[in-house]
Amino acid sequence: MAALALLPLGAALAAATPPPPKTGATITVTVTELRNAKGVVRACMTTDEDQFPRCRGVPGAHGATAPAHDGSVSFTFTNVKPGRYAVALLHDENANGKADRALGMMPREGFGFSRDAKVRMGPPSFADAAVDIGAEDRGLTIRMRYML
């Protein structure tokens, strides 16, 4: 009976406990101009110039996947340490985990990069897509582009 009487006290103490200290910024990436709700949208945010635009196996990279929605979708990355980051997006319409190509070169699926970095004969350089992230929370908007 005494244990039951302590339950409300335990709940009150838990509610009064402050949240853990924030260790980085919260970055919200809003992806616009999705052409359909097929598959998933994959996002990669990295500081690694040599590995951009990939995330897999890159230490310190932030990766996320969300179901596609006609129009737009958002990602939230938490505890992002200050630094220079570039974001790459893929609208993986068939959800096969890779960027499908026509004729071995032209992307069949949507893609996008921070700073709306241009695609020429391949993905943009890290420098063209990089944004500086500080300690403050911020939002980025990236337009999805389709070639076919």
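Predicted model: local features only at pLDDT ≥ 70, side-chain atom pairs only at ≥ 80, totals over all residues.
Residues are numbered from 1 along each chain as its sequence is written, and side-chain values use heavy atoms, with hydrogens and water left out.

Gly97 is located in the loop between strands S5 and S6 (101–102); strands are DSSP runs of E with at least two residues, numbered from the N terminus. With a relative accessible area of 24%, Gly97 is partly exposed, a class that falls between buried (under 20%) and exposed (over 50%), as computed with a 1.4 Å probe on protein chains only. The C-alpha atoms of Gly97 and Gly39 are 10.0 Å apart in space, with a separation of 58 residues in sequence.

Strand S5 itself spans residues 83–92, and eight of its 10 residues are buried. Pairing between two strands requires that DSSP find at least two bridges between them. Seven bridges connect S5 with strand S2 (residues 40–46) in the antiparallel sense, and within this pairing Arg42 has Leu90 of S5 as its bridge partner. Strand S8 (residues 110–113) is likewise antiparallel to S5, with four bridges; here Leu89 stands opposite Gly112 of S8. Strand S9 (residues 131–133) is joined to S5 by three bridges, also in the antiparallel sense, and Ile133 of S9 is the bridge partner of Gly83.
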